[in-house]
Amino acid sequence: MKYSELCDYYERLEDTTKNLKMRDIVAELLEEAPSEDLELITLASMGRVFPASVDKDIGIAGKLMQKIIAKSYGAAEEEVVEKFKQTGDLGKTAEYFCENNRQRSLMTKELTVKKVFENLRKLPETTGTGSEERKERLVRELLTSAEPVEARYVVRTTLQEMRIGVGEGTVRDAIAVAFGVPKEKVENAFFKLTDYGEVAKIARKKGEEGLDDVEIEVGRPLRVMLAEISESLQDALEEYENPAVEVKLDGFRGQIHKDGDDITLYSRRLEDKTDQFPEVVEWAKECLKPEECIVDCEIVAVDEEGKPLAFQNLSKRIQRKYDIQRMKEEIPVQVNCFDLFYVDGESFMESSLKDRWEKLNEIVVERKGKFKLVEHLETNDMEEANSFYQKALGQKQEGVMVKNLDAKYQPGKRVGYWKKVKETMEPLDLVVVEGIWGEGKRSQWISSLMLAVRDPDTGDFLKTGKMATGMTEEQLQEITDKMEELIISEDGRTVKVRPKIVVEVGYEEIQKSPKYDTGYALRFPRLLRFRYDKSPEEVDIVERLKSLYRKQNN
Ligand code: AMP
């Protein structure tokens, strides 16, 4: 498909905010897409360059892009910056300079979707000395061949800021409409493949039956199940006829795939973390009886006595790419299994939690303090559940999970089969969208962070307060380094960054405030921890702020 044809669809999508209309436009696009491009076009409709399971960073931030636009169209960088200030959008900025480029060659090649993605997909691999220039060349090649509208979308895709509002939900529904298949089946296939591009191909070629036939593949990460927040233990317990209460550990979500002696460990965001945890690999070989299986677990850092420690300790290990052996000794871990997807050719995703738990007990050989099943109590007696909960809090755990024993494994979204119960005013997960360079002693750091929640309807991030406390010098350095890579624009001491970094924030109170996009501000926000394991799509939504506000004022 010609890239210009795809851009026509982008323009139509940009012109509407109605979900159904967006779904129909994407469905039309998928129907039109030639088979050889369908996979790419499905991803492109969401503005993605890679499927969700591929954790690659394109690595081009606003500043470099300004330079690329200037060079591509023979403009001065200051002019580009000036135009960007007016439009607030580097896509539109590129479009403007492309349109007004006097040196524009008439001999340019017509862009295809394939060519655009071929170049963009080379960007993450372009590292080492001279990589900036090579990256630049890859994008410039596209921009110099582009028509003005194409330039807009090439830039936005490269920056991963499409502004067309198409998310996974829209694409799921569009595949269902385009190829006449039930959307539940589209989604189920996606949970196993984690790539809507592949799902679309199957739906077109083999229809409903093809989707039914999608099997779990050991070694390929799966989408995991998530929990909803419950206001109290009582509420959670009353929700299900047959509840189980489990300790909610404060660690990192792991998905262990065993294929004989071949072990892979994935994080909740489907990143491969096998190399970081060699001891988990050894234990999994020993403690998981089946030849092939996939289990869901929480990995926590522990002290010398095997008692779980707070997440901060562990986060160092998750990030680490070198000195693995030393880290292994410094920060020992423990694996707590709580669920299972698959055992020797049989999927357990449709089985009830009761059956899954029973099977998990069968297949795990516990190794004291290292590899075990999570503490699990099946009861609907409030007193019994409460003493379990109090014991968990006493052991400095986060709280408990209350789970529906009759429910199947439903990945991806908060479907209400699991409830988490925690103490106190819930912290918020927010994304950093701006920062201000500090003054005086703090002038080498970005020391004040503008935080935002997500609007689930538009996918936009809405500002809701500034945080300048709770950060150690080490953390200030860390956040400054990370933010510098994400800068889109600078205005005096204020920098605007791509919404990537998720932080868990504590606060005293939520107040109404016209100063911020949400209409609410946080009183005394402070950093609890960085949440690199969470994606910006997972931060709290506006509704949560509202409901916490109501709760607090009750
Ligand atoms: P949250 O990150 O607050 O949405 O809580 C959900 C997370 O709690 C899961 O993704 C797991 O990493 C973690 N967790 C800890 N203990 C358990 C448990 N017993 N069952 C399920 N998830 C757990």
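Let's start with a pair of helices: helix 10 passes helix 11 in a right-handed crossing. Keep in mind as you look that this is a predicted model. Two packed helices are described by the angle between their axes and the distance between the axes. Here, helix 10 covers residues 168–179 and helix 11 covers residues 183–193, and they pack at an angle of about 125 degrees with their axes 8 Å apart. Angles over 145 degrees count as roughly antiparallel and those from 65 to 115 as roughly perpendicular, and helix 10 and helix 11 are therefore oblique to each other.

Which residues of helix 10 and helix 11 meet? From helix 10 come Glu168, Arg172, Asp173, Ile175 and Ala176, and they meet Lys183, Val186, Glu187 and Phe190 in helix 11. The residues of this contact divide into four nonpolar, no polar and five charged.

Now find another helix pair, helix 6 (residues 90–99) and helix 9 (residues 148–159). Their axes come within 7 Å and cross at roughly 145 degrees, and helix 6 passes helix 9 in a right-handed crossing. On the helix 6 side, the contact includes Leu90, Ala94 and Cys98; among the residues they and their neighbours meet in helix 9 are Val149, Val155 and Leu159. The contact of helix 6 with helix 9 divides into eight nonpolar, one polar and five charged residues.

Is strand 5 buried or exposed? Nine of its ten residues are buried, so strand 5 is largely enclosed by the rest of the structure. Strand 5 runs antiparallel to strand 3 (residues 252–259), and eight bridges join the two. Strand 5 also runs antiparallel to strand 6 (residues 333–343), joined to it by nine bridges.

Finally, look for an open sheet of five strands, with the order 1-11-10-2-9 and mixed pairing. Strand 1 (228–229) and strand 9 (376–378) stand at the edges, each with a single partner strand, so one side of each has no neighbour in the sheet. Strand 9 is joined to strand 2 (residues 243–248) by three bridges, and the two run antiparallel. In this pair, glutamate 246 stands opposite histidine 376. Helix 18 (residues 382–394) packs on the sheet, touching strands 2, 9, 10 and 11. The direction of helix 18 makes about 140 degrees with that of strand 10 (399–404).

Terms used: Residues numbered from 1 in each chain as written. Predicted model: local features only at pLDDT ≥ 70, side-chain atom pairs only at ≥ 80, totals over all residues. Heavy atoms only, no water. Axes fitted to C-alpha atoms, helices over the stretch in contact; angles between N-to-C directions. Helix = DSSP H or I, 4+ residues; strand = E, 2+ residues; numbered from the N terminus. Parallel < 35°, antiparallel > 145°, perpendicular 65-115°, else oblique. Left-handed = near helix turned anticlockwise from the far one by under 90°. Contact = heavy atoms within 4.5 Å. Nonpolar A, V, L, I, M, F, W, Y, C, P; charged D, E, K, R; others polar. Buried < 20%, exposed > 50% of the residue type's maximum accessible area, 1.4 Å probe, protein only. Pairing = 2+ DSSP bridges.
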